[in-house]
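Subject: Structure for your attention

Dear colleague,

Please find below the structure that I am handing over to you. I would be grateful if you would look through it before reading my notes.

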Amino acid sequence: MADVAYYTKEGLEKLKEELQYLKTTGRQIISAAIAEARDKGDLSENAEYDAAKDAQGHHEAKISKLEDAMSNARLLDDSKIDLSKVLALSVVKIKNLKNGATMTYQLVSETEADLKSGKISTLSPIAKGLLGKKVGDKTEIVVPAGKIEFEILEISR
């Protein structure tokens, strides 16, 4: 069984919409591509047909993955998040103690992660190093670039 993933209301809606799109419009597009390739003649030597069937397999695998994610999705009410420590959906302001840079991240599920909008996965090294910590705590986190020491400045939602 897969791990439970916690989602914001917006993140869960986005997941549902993507799954609905793949099951309806996405399947219709794949079906049309298969039908078009089939109409071109001998299937044993039809590379277009093979490619369309391969695309169908990838498409169905993606649907299966999203259905699995939905079955393990839990909606978190961000108004009930404990602000005394870092948890999933917390917005955390941290300071890099080496260079003094401050960053703000929201810890979200893997499928909601988007670094450009400041959302990092709870499975990322930084998020794992922050989970359970409190304001004022210092933590050393191993990232691909090496070890970085951070101080937690603020926790909000």
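The notes below describe what was found, going from the whole chain to single residues.

**Confidence and overall form**

Please keep in mind that this is a predicted model. The chain has an average pLDDT of 87, and 96% of the residues score at least 70. Among the elements of the chain, strand E3 has the highest mean pLDDT, at 93, whereas strand E1 (residues 5–7) has the lowest, at 78.

The chain contains three helices and seven strands. Followed along the sequence, these elements give the pattern β-α-α-β-β-β-β-α-β-β.

The radius of gyration of the chain is 21 Å, while a compact globule of 157 residues would have a value near 15 Å. Along the principal axes, the C-alpha atoms fill a box of roughly 70 × 35 × 30 Å. Of the 157 residues, 31% count as buried. Among the contacts in the chain with a separation of 6 or more, 50% are made by residues 24 or more positions apart.

**The sheet**

Five strands come together in an open sheet, and their order across it is E5-E4-E3-E7-E6, with mixed pairing. Strand E5 (119–121) and strand E6 (138–143) stand at the edges; each has a single partner strand, so one side of each is left without a neighbour in the sheet. From one strand to the next, the twist averages 45°.

- Strand E3 (residues 91–96) and strand E4 (residues 102–108) run antiparallel and are joined by five bridges. Within this pair, Lys95 has Thr102 in E4 as its bridge partner.
- E3 is also joined to strand E7 (residues 146–156), by six bridges, and these two strands run antiparallel. Here Ile94 stands opposite Ile152 in E7.
- E6 and E7 run antiparallel as well, with six bridges between them. Glu140 has Glu149 in E7 as its bridge partner. These two strands form a hairpin, with two residues between them.

**Tyr7 and Leu89**

Which residues does Tyr7 touch, beyond those up to four places away in sequence? They are Leu12, Leu15, Ala69, Ala73, Arg74, Leu75, Leu76, Leu89, Ser109, Thr111 and Glu112. Tyr7 itself is found in strand E1. Its relative accessibility is 2%, and since buried means under 20%, Tyr7 counts as buried. The side chains of Tyr7 and Thr111 are joined by a polar contact of 2.9 Å. Glu48, by contrast, is 41 residues from Tyr7 in sequence and 39 Å from it in space, C-alpha to C-alpha.

Leu89, one of the residues touched by Tyr7, lies in the loop between E2 and E3. Leu89 also counts as buried, at 1% relative accessibility. Its phi is near 75°, which is a positive value in a residue other than glycine.

Leaving aside neighbours within four places in sequence, His59 is in contact with Leu22, Gly26, Arg27 and Ile30. His59 and Phe150 are 91 residues apart in sequence, and their C-alpha atoms are 41 Å apart in space.

Asn72 lies in the loop between helix H2 (47–71) and strand E2 (73–75). Asn72 is buried too, with a relative accessible area of 5%. A polar atom of the Asn72 side chain lies 3.0 Å from the backbone oxygen of Asp68.

**Where to begin**

Yours sincerely,
A colleague

Technical notes:
Residues numbered from 1 in each chain as written. Predicted model: local features only at pLDDT ≥ 70, side-chain atom pairs only at ≥ 80, totals over all residues. Heavy atoms only, no water. Pairing = 2+ DSSP bridges. Helix = DSSP H or I, 4+ residues; strand = E, 2+ residues; numbered from the N terminus. Axes fitted to C-alpha atoms, helices over the stretch in contact; angles between N-to-C directions. pLDDT = per-residue confidence, 0-100. Buried < 20%, exposed > 50% of the residue type's maximum accessible area, 1.4 Å probe, protein only. Polar contact = N/O pair within 3.5 Å; in protein donor to acceptor, adjacent residues only side chain to side chain. Contact = heavy atoms within 4.5 Å. Rg over C-alpha atoms; globule rule 2.2 N^0.38 Å.
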